[in-house]
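Please read the following report alongside the sequence and the coordinates.

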Amino acid sequence: MGEEQQSLRELQHIKRIMEESSRFISLSGLSGIAAGVSALLGAWISFDYVTGRKDYIINKELPVPHVSPNEYSIIFNTWIFWIAAGTFFAALISAFIFTWIKSKRQGTPIWGNTAKRLLINVSIPLVAGGIFLLRLIHFKTFGLVAPGCLIFYGLALVNASKYTLAEVRYLGYLQILLGIINLQFVGLGIYFWAAGFGVLHIVYGAYMWWKYEKS
Amino acid sequence: MSNPIENLNKIFDSRVRLGIMSALMVNESVNFNDLKELLVITDGNLASHLKALEENGAIKVQKGFIGRKTNTTYAVTRTGEKAFKGHLDALEKMIRGTK
């Protein structure tokens with residue numbers, strides 16, 4: 001009986017060290033909630049802008065591209081671009097703050113090998129997706145931007161789940177699923193985007209907070 | 001029937017060594033400071049356990065530099081990996097056997 005307990009404790013110790021040394025576990029549930037709130041705010045602010053140009057978003061035929069060097073600067077001069085950028089940074093900074101607090105409390109350094117690995121693996125699908133989406137915007141296929149965001153972000157999460165809390169994988173699956181459904185409802189992207197980046201983040205964050213940090 | 005305790009490698013007797021091996025099994029290599037933070041032990045304590053593992057051929061040491069600072073990293077050897085897996089099997093048998 002004593003030996004059994006001893007072996008069990010030893011295995012638990014091994015498991016814990018394996019997890020802690022290979023995964024970034026300071027990710028806070030509150031970060032998810034903060035990112036979700038930022039996303040909902042961003043969607044709310046841009047709602048009129050996006051829905052007011054509905055005819056522009058549902059473009060049934062892909063226009064023949066007229067490549068002009070000025071097109072990207074036109075994108076950067078739109079309201080929607082700055083709302084998007086603001087939303088992104090608000091989400092990033094608020095998410096960072098809560099994870100920073102959690103890592104402080106746990107006594108684990110926030111910037112270590114596990115954080116570095118997580119960041120690299122999250123970035124690969126995101127950067128590739130970002131370039132792809134810029135191209136979609138370039139060809140004025142705006143209706144595919146929201147589903148594209150959801151799908152690439154979902155892929156990034158699935159990829160990241162090997163390097164952080166394993167539950168992130170399920171959030172990734174749901175984002176991909178939402179994105180794929182959104183492909184059938186082009187023009188309603190803002191709702192799907194708000195559901196994925198807003199609601200799912202908040203639900204996931206609340207669940208993770210409840211599971212790991214409540215005490 | 002063989003006694004599973006015989007298969008429990010003496011070298012993995014200590015919690016610290018077990019911790020070192022666990023970390024090295026799931027990472028290509030880990031440096032001294034990361035191990036120290038992970039296991040929450042003193043420099044001297046960690047160094048002596050690392051030395052014991054190295055002398056037994058379970059881990060290999062690589063000394064390098066990051067800028068001017070020395071950066072010593074550790075990785076498991078084939079022998080170490082085999083021994084550690086054997087140790088896990090023995091632990092499993094012990095839990096199953098005493099049920």
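In this predicted model, A:Glu20 and A:Arg16 both belong to helix 1 (residues 2–22) of chain A, where four residues, about one turn of the helix, separate them; helices here are DSSP runs of H or I with at least four residues, numbered from the N terminus. Their side chains form a salt bridge at 2.9 Å, N to O, the term standing for a side-chain nitrogen of Lys or Arg within 4 Å of a carboxyl oxygen of Asp or Glu. Over all chains, the structure holds seven salt bridges, yet the count between chain B and chain A is zero.

Residues are numbered from 1 along each chain as its sequence is written, with chains lettered from A and ligands numbered from 1 in the order of writing. Local features need pLDDT of at least 70 and side-chain atom pairs count only at pLDDT 80 or more, while totals for chains, interfaces and linings use all residues, and side-chain values use heavy atoms, with hydrogens and water left out.

The contact between the chains (heavy atoms within 4.5 Å) draws 21 residues from chain B and 16 residues from chain A. Chain B and chain A bury about 1800 Å² between them, 64% of it on carbon and sulfur atoms; buried area is the accessible area (1.4 Å probe) that two parts lose on being put together, summed over both. On the side of chain B, B:Arg15, B:Leu38 and B:Ile95 lose the most area to chain A, together 27% of what that side buries. The elements of chain B that give two or more residues to this side are tabulated below.

| Element of chain B | Residues |
|---|---|
| helix 2 | 15–25 |
| helix 3 | 32–39 |
| helix 5 | 78–97 |

Elsewhere in chain A, A:Asn159 lies in helix 7 (residues 145–160) and touches A:Asn121 and A:Pro125, leaving aside residues up to four places away in sequence. A:Asn159 and A:Pro125 are 34 residues apart in sequence, with 8.2 Å from C-alpha to C-alpha.
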